Amino acid sequence: MSERKKVVIIGGGITGLAAAYYMQKDAREQGLPIDIIMIEASTELGGKIQTVRRDGYVIERGPDSFLIRKKSVDQLATDLGIDDQLVRNATGQAYILLHNQMHKIPAGAVMGVPTEIKPFVTSGLFSLSGKIRAAGDFVLPRSEVTGDQSLGKFFRRRFGTEVVENLIEPLLSGVYAGDIDHMSLESTFPQFYEVEKNYRSLILGMRKTTPKQLPQKNSHSSKKMGAFHTFKNGLDSLIEALEEQLTDVNVMKQTRVTKIVKQDDRAVLTLNDQQQIVADAVIMSTSHVVASRLFEPHGLLKELGTIPMTSVATVALGYPKSAMKSDIDGTGFLVPRSSNHSITACTLVDRKWPTTTPDDKVMVRAFVGRVGEEAIVDLPDAEIEKIVRQDMKEILGLEGEPDFCIITRWKEDRPQYRVGHKEKVLRAREEVQSEFPMVELAGASYNGVGLPDCIDQGVAAKDRVLAKLFK
């Protein structure tokens with residue numbers, strides 16, 4: 001325990017930051033002799049978490065929230081002492097824009113799977129034949145497929161094409177900007193496989209396993225509680241608190257690792273300024289693209305490098321309240337692939353997160369780009385703004401000049417969890433461990449893209465590193 005160990009964390013996104021924070025915490029509490037270095041290529045920490053604060057608006061360039069039922073972000077906020085800044089989303093109706101008409105997402109639809117029959121039967125999202133086909137779920141046997149399969153194949157078998165394309169695909173593919181007919185069931189929504197295995201019918205199984213929504217605490221209202229948290233001043237609050245409290249971590253910004261080699265049981269990292277660091281352990285919390293490039297000279301992670309990436313962009317627009325002509329009462333809508341609009345989804349931010357927008361303003365956040373529809377991301381800002389504003393005018397009646405338009409491109413940014421992804425990641429980890437046992441892989445490319453998933457991966461990588469260094 002007396003020999004000091006050096007741990008390098010490559011990547012200063014939420015995965016790397018969580019690993020650094022909890023490693024620092026363990027070192028202090030357990031008296032571990034450890035030096036922690038974080039290497040980040042950009043000028044700022046936080047990765048995709050980027051908040052703009054302007055004239056009373058709180059504008060997210062990347063993710064805007066996280067699921068409360070996944071506890072790790074809330075726990076991190078508590079550990080950082082900023083849990084009093086957490087706010088829950090306002091609940092409201094969400095819509096699907098189909099054939100230029102807004103259709104309510106049927107009540108009781110759990111990620112597209114109906115658990116209440118009447119709202120589904122009366123919905124205008126589906127034809128009579130589509131509804132009859134979906135009822136086949138009640139009688140169809142369990143799938144005989146063993147191993148992984150695509151979400152599209154799984155859900156089309158149970159509900160038919162119409163329900164998949166008009167409801168399930170917009171709901172499930174959004175966070176990945178993916179193609180449901182290639183997305184891995186095992187790596188994205190494995191709970192559906194388990195429900196079918198245990199209950200046969202997805203409808204009956206989801207009805208039995210979905211927790212009932214409870215009314216707001218200390219309230220006589222029957223209004224449901226929001227399922228998401230964010231921070232009242234934006235998600236950057238989390239990054240700012242982490243950076244402020246990482247006092248025992250040497251953070252090196254605008255620095256890249258250009259080479260990694262093994263020297264006995266250590267890793268030697270060469271930086272872009274030719275400086276070298278000899279590390280007892282390395283946590284790579286970069287994308288798989290960066291990891292595969294670094295290990296390419298060693299003949300490792302070639303398969304990992306084949307994981308596709310998709311480009312997307314977000315477009316945030318602020319307006320005076322008077323500019324909104326639509327009487328839509330919801331918090332946002334999704335757009336199926338069959339639509340003739342360019343946007344893939346839109347959040348009515350002032351309704352979902354009232355604390356983010358001045359009282360006399362409205363804010364919308366539109367998304368463009370997904371697998372097969374990425375060309376729009378490469379257009380000039382003026383063209384993207386024109387396209388999105390035209391969609392907003394046609395759909396929501398938003399007219400006039402906006403207070404601002406903030407466009408954020410995420411080029412080659414969304415890893416695609418395609419069929420076989422889980423096995424590919426397992427093989428990659430085994431490959432690295434066989435040649436570089438001091439290196440751990442973690443982050444959105446591997447075991448989940450949400451903020452809680454990334455934090456969990458960072459903490460797990462930290463645990464593995466400490467277990468090896470201090471047996």
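Begin by selecting aspartate 148, which sits in the loop between α4 (128–134) and α5 (151–159); helices here are DSSP runs of H or I with at least four residues, and strands are runs of E with at least two, numbered from the N terminus. The model is a predicted one, in which local features need pLDDT of at least 70 and side-chain atom pairs count only at pLDDT 80 or more, while totals for chains, interfaces and linings use all residues. Residues are numbered from 1 along each chain as its sequence is written, and side-chain values use heavy atoms, with hydrogens and water left out.

Is aspartate 148 buried or exposed? With a relative accessible area of 16%, aspartate 148 is buried, because buried means under 20% relative accessible area, exposed over 50% and partly exposed in between, with a 1.4 Å probe and protein chains only.

Next, show the surroundings of aspartate 148. Leaving aside neighbours within four places in sequence, aspartate 148 is in contact with Ser184, Leu185, Glu186, Arg418, Val419, Gly420 and His421, where contact means heavy atoms within 4.5 Å. Two backbone nitrogens deserve a distance label: that of glycine 420 lies 2.8 Å from a polar atom of the aspartate 148 side chain, and that of leucine 185 lies 3.4 Å from a polar atom of the side chain of aspartate 148. Then pick serine 187, which is 39 residues from aspartate 148 in sequence and 8.5 Å from it in space, C-alpha to C-alpha.

Now move to helix α2 (residues 72–80), where Ser72, Val73, Asp74, Leu76, Ala77 and Leu80 are buried. An α-helix has 3.6 residues a turn, so residues three or four places apart point the same way. To see what covers the buried residues of α2, select elements including α1 (14–30), β5 (66–67), β6 (86–88), β11 (228–231), α10 (236–245) and α15 (451–469). After α2 comes glycine 81, whose phi is positive, near 80°.

Finally, zoom out to the whole chain, whose secondary structure comes to 15 helices and 22 strands. The C-alpha atoms fill a box of roughly 70 × 55 × 50 Å along the principal axes. The radius of gyration of the chain is 23 Å, which agrees with the value near 23 Å for a compact globule of 471 residues; this radius is taken over C-alpha atoms, and the globule rule is 2.2 Å times the number of residues to the power 0.38. Of the 471 residues, 54% count as buried, and residues 24 or more positions apart account for 72% of the contacts with a separation of 6 or more.

Terms used: Polar contact = N/O pair within 3.5 Å; in protein donor to acceptor, adjacent residues only side chain to side chain.
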